[in-house]
Amino acid sequence: MRGSVFLPDAFAGASRPGLARLVEAVLIGVVRILAVRTAARVNLWNLLADLLGNSFGLREALELALAANRRNLLLRLVLRRWQFAHAGGMDPFVAELGRWAPASEAMIFYGTGRVRPEDLFRAAARVAEMRARQMRAIWTALAWPVVIFGAVLFLVWYIGGYMMPAMRESTDPAAWPGWVHATDAFATAFYRYDWAFGLALLAAILAVWVLVLRWTGRGRRTLDLVAPFSLYRIVSGSAFFLVVLEFLRLRVDLTERTWERLSMGASPYVRSRIRAIQVRMVRGGMGFGRALEAAGTGFPDETLVTVAAALDGRPDWEEQLRGFTDRWIERSGAVMAAAAMVLNAALLVVSTIATLAVLSMVFEVFSQVDTF
């Protein structure tokens, strides 16, 4: 088993395959967060591309990458797994890479065997850098609203647990208006059952994330216009778009098998968008740009779809589209920040309403202190 680098024999044995897979998945997740973050992947992709471009074989390149990271124990463990996978052939190697990189990067390696490996690694580095730029824009746009929202939750918790009990002893609760009682009840419940509120918030976030990844039915096109659906559409779609452009530049034929391999590891949402394009290209005989437009999903972005359809079929249209896409990617940070404004505004509105309600309650109760 390739995971034996991580798993002791007690877990790696065939008698406990379910437990072995669970433990391996957890360990891979932890190590991926600690050692195979975006910056590390970009450096690794570029290093392997440079070595492969200088007449080293992939086996030698992996060995040199291992030596170059001799002080990084976790990354060395990952590279060891890649070596074991590569010993079994290119398909196991590509599958193993998919465990350690997002699907947006992993899909580029399905061009293995049809183009030079160094070109694939450089393309993966470009996709990783683009994705990192977009994610930075999202977190930058949401950082302060999230901090403010967290501070408001703490304020409600503190008032419900410490301030209002003291106010009940200093004033006559019977004289409080009804809205004060309601606000006090909520703040007190939030303090007493903070763990339940926390679980509910996590469950809500998880439910929305599941919808973002898996919902492909009616109404998704409309929801793709607002965050967080629009954010995922742009991040996943632009990565897919860049991968296809790299394939076209590297003269990889977009056959049925190519599309199927691009769909491997993708979320149900991305897979449905890829297949809509695939049907129109492979079975309808359309070019990539016209297939994007005919799919009618707005994936990955209306501007990219419109330009791709207009350029499709013109001389050197792939290079022209690539140039436009590069410029669009440079501006994608602003696009992502604009898309995040809906979440930004929602968090600020909720925070403002909660703050005003709690502070109004406190002032109302304080006003009765002198008359009690």
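Helices here are DSSP runs of H or I with at least four residues, strands are E runs of at least two, and both are numbered from the N terminus. You have a predicted model open, where local features need pLDDT of at least 70, side-chain atom pairs count only at pLDDT 80 or more, and totals for chains, interfaces and linings use all residues. Residues count from 1 along each chain as its sequence is written, and side-chain values use heavy atoms, with hydrogens and water left out.

**Stop 1: confidence.** Colour the chain by pLDDT, the predictor's confidence in each residue from 0 to 100. The chain average is 82, and 91% of the residues score at least 70. Now select helix 10 (residues 194-214), where confidence is highest, at a mean of 93. Then jump to helix 1 (residues 9-12), the lowest, at a mean of 40. Select residues 1-15 too: pLDDT stays under 50 there, although the model has 32 contacts (heavy atoms within 4.5 Å) beyond four places in sequence for them. Where pLDDT is low, the predicted coordinates should not be read in detail.

**Stop 2: a surface patch.** Go back to helix 10 and pick L202. L202 has a relative accessible area of 56%, so it is exposed (over 50%; buried is under 20%, and partly exposed lies in between, with a 1.4 Å probe and protein chains only). Helix 10 gives the largest share, 6 residues.

**Stop 3: T183.** Select T183 in helix 9 (residues 178-192). Is T183 buried or exposed? Its relative accessibility is 15%, so T183 is buried. Leaving out neighbours within four places in sequence, show A357, V358 and M361, which T183 contacts.

Stop 4: Most residues other than glycine have a negative phi, and most peptide bonds are trans. S55 is exposed, at 73% relative accessibility. Next, find P228 between helix 11 (220-223) and helix 12 (229-249); the A227 to P228 peptide bond is cis, with omega near 5 degrees. Finish at P300, in the loop between helix 15 (288-295) and helix 16 (302-311), where the bond from F299 is cis, with omega near 5 degrees.
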